[in-house]
Amino acid sequence: MDVVLTGDRPTGRLHIGHYVGSLRRRVEMQNSGKYKDIYVFMADAQALTDNADNPDKVRKNITEVALDYLACGIDPKKSTIFIQSQIPELCELSFYYMNLVTVSRLQRNPTVKSEIQMRGFKSSIPVGFFTYPISQTADITAFKANIVPVGEDQLPMLEQAREIVRSFNQIYAPVLVEPEAVLPDNKQCMRLPGLDGAAKMSKSLGNCIYLADSSNDIKKKVQSMFTDPLHLHVEDPGHLENNTVFTYLDAFCKDEHFAAFLPEYANLDELKAHYTRGGLGDGKVKKFLNEIMQAELKPIRERREELAKDLGYIYQILREGTEKAEAVAAQTLDEVKSAMKINYFKDNNL
Ligand code: ATP
Ligand code: MG
């Protein structure tokens with residue numbers, strides 16, 4: 001039976017890119033009852049690979065991300081929520097997997113390449129950051145997860161994980177399970193652009209609508225968004241390509257939103273047709289997007305505010321989830337070590 005695993009870096013609160021890229025799918029999977037186990041974790045050790053000098057940021061965001069998870073509907077009774085750094089087995093697995101990957105292979109990883117550029121590391125790349133695809137493989141394989149719902153930026157990581165699994169199973173014994181990425185159905189959700197039109201909404205770029213944003217912040221952010229630079233007058237024909245407002249509508253808008261907030265159109269196709277024909281102003285489209293975002297995010301924000309009143313409960317969920325997850329990771333590590341013939345004291349056979 002299928003095992004699902006996904007994680008997020010506690011480098012900030014979660015944003016609507018996380019929501020459409022991965023979080024929404026996790027909740028659906030969890031509630032479908034079709035999966036054997038669902039693991040959701042905070043990749044704090046990974047967050048430290050590029051935030052080594054800022055432990056407070058990582059620590060503070062553990063609670064923030066936990067609140068985001070629960071507010072979106074991750075249910076600790078159905079999913080195991082854990083904290084990566086508290087499971088030392090994951091470090092141990094990474095260490096052994098390092099022998100199965102070459103430096104040049106890591107250098108070719110397109111996500112690592114673009115993240116190195118984005119973070120301005122130039123030639124001072126922390127070794128831990130450079131090798132994070134390996135540690136991600138440890139996270140996935142420790143739980144024998146075969147399904148990983150992620151945004152498109154994670155595809156190279158999953159490819160790397162599959163390669164490590166194949167090498168390991170071929171050299172030692174068929175202990176590990178090859179994982180598969182599950183992308184959102186909707187193309188716009190695979191990599192939601194930032195408010196500034198940048199290729200990806202990302203905590204590190206600060207171009208986000210956060211799940212916890214106030215109603216007023218959401219409104220201001222939507223108003224500041226990029227549209228079509230050639231659409232100067234209402235009557236000018238508008239363009240949809242690279243028009244972030246329409247990309248967000250593609251990601252979030254449903255026909256019922258028209259009935260509720262913009263009944264003069266039946267659906268998004270009609271709105272798009274009017275925009276490209278000319279005669280539809282950006283202000284009106286933004287107002288509509290704002291209504292949708294407010295409707296989507298209000299229940300999440302309110303649940304979040306409620307949950308934030310009892311941090312003791314959050315702490316307990318994280319501790320129990322982490323204990324449960326560690327037992328599973330320890331079992332896999334045992335199997336890995338015996339396949340690698342380094343289980344000297346378990347088989348009593350030097
Ligand atoms: P950081 O800037 O610290 O890397 P991030 O915003 O990229 O933060 P991550 O914690 O690295 O967030 O990503 C967690 C998950 O959310 C991954 O599965 C990733 O693919 C997905 N994700 C992140 N940003 C987006 C986005 N803009 N669109 C779709 N999915 C996304
Ligand atoms: Mg990221």
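A search of the whole structure, which is a predicted model, finds one cavity of 30 Å³ or more. Rolling a probe the size of a water molecule over the atoms shows where empty space is left. Here a cavity is a set of points, on a 1 Å grid over the protein atoms alone, where a 1.4 Å probe fits but cannot get out; lining residues have an atom within 4 Å of a point. The space in the largest cavity amounts to about 630 Å³, a volume being the space filled by probe spheres set on points joined across faces, edges and corners. Of the 37 residues that line the largest cavity, Gly7, Asp8, His18, Asp153 and Gln154 are the closest to its centre.

Several elements supply at least two residues each to this lining: β1 (3-8), α1 (16-32), α6 (110-118), α8 and α10 (187-190). The largest share, five residues, comes from α1. Such helices (H or I, at least four residues) and strands (E, at least two) are DSSP runs, numbered from the N terminus. By class, the lining of the largest cavity has 13 nonpolar, 14 polar and ten charged residues. Ala, Val, Leu, Ile, Met, Phe, Trp, Tyr, Cys and Pro count as nonpolar, Asp, Glu, Lys and Arg as charged, and the others, Gly among them, as polar.

The structure also has pockets, each an open set of points with protein on both sides within 12 Å along at least five of seven lines. The largest pocket has a volume of about 400 Å³. Among the 14 residues that line the largest pocket, Arg59, Ile62, Ile83, Tyr315 and Leu318 are the closest to its centre. Helix α16 gives the most to this lining, with six residues.

Attention now turns to helix α4. In α4 (residues 88-97), Glu89, Leu90, Leu93, Ser94, Tyr96 and Tyr97 are buried, that is, under 20% relative accessible area, whereas exposed means over 50% and partly exposed in between (1.4 Å probe, protein chains only). Seen down the axis of α4, these buried residues fall within an arc of 165°, so they line one face of the helix; the arc is that of the directions from the helix axis to the C-beta atoms. Cys91 and Phe95, on the other side of α4, are exposed. The cover over the buried residues includes β3 (80-83), α8 (132-142), α9 (155-171) and α16 (311-339), judged by contact, meaning heavy atoms within 4.5 Å.

Side chains of opposite charge can pair when their charged atoms come close. The structure holds 22 salt bridges, each a side-chain nitrogen of Lys or Arg within 4 Å of a carboxyl oxygen of Asp or Glu. In one of them, Asp50 pairs with Arg9, the closest N and O atoms being 3.0 Å apart. Asp50 lies in the loop between α2 (44-48) and α3 (55-72) and Arg9 in the loop between β1 and α1, so the pair ties together parts that are 41 residues apart in sequence. Both Asp50 and Arg9 are buried.

Lys272 forms a salt bridge with Asp250, with the closest N and O atoms 2.9 Å apart. This pair links distant parts of the chain, 22 residues apart: Lys272 is in helix α14 (residues 268-277) and Asp250 in helix α12 (residues 244-252). Lys272 is buried, with a relative accessible area of 18%, while Asp250 is partly exposed at 21%.

Residues are numbered from 1 along each chain as its sequence is written, and chains are lettered from A and ligands numbered from 1 in the order in which they are written. In this predicted model, local features need pLDDT of at least 70 and side-chain atom pairs count only at pLDDT 80 or more, while totals for chains, interfaces and linings use all residues; side-chain values use heavy atoms, with hydrogens and water left out.
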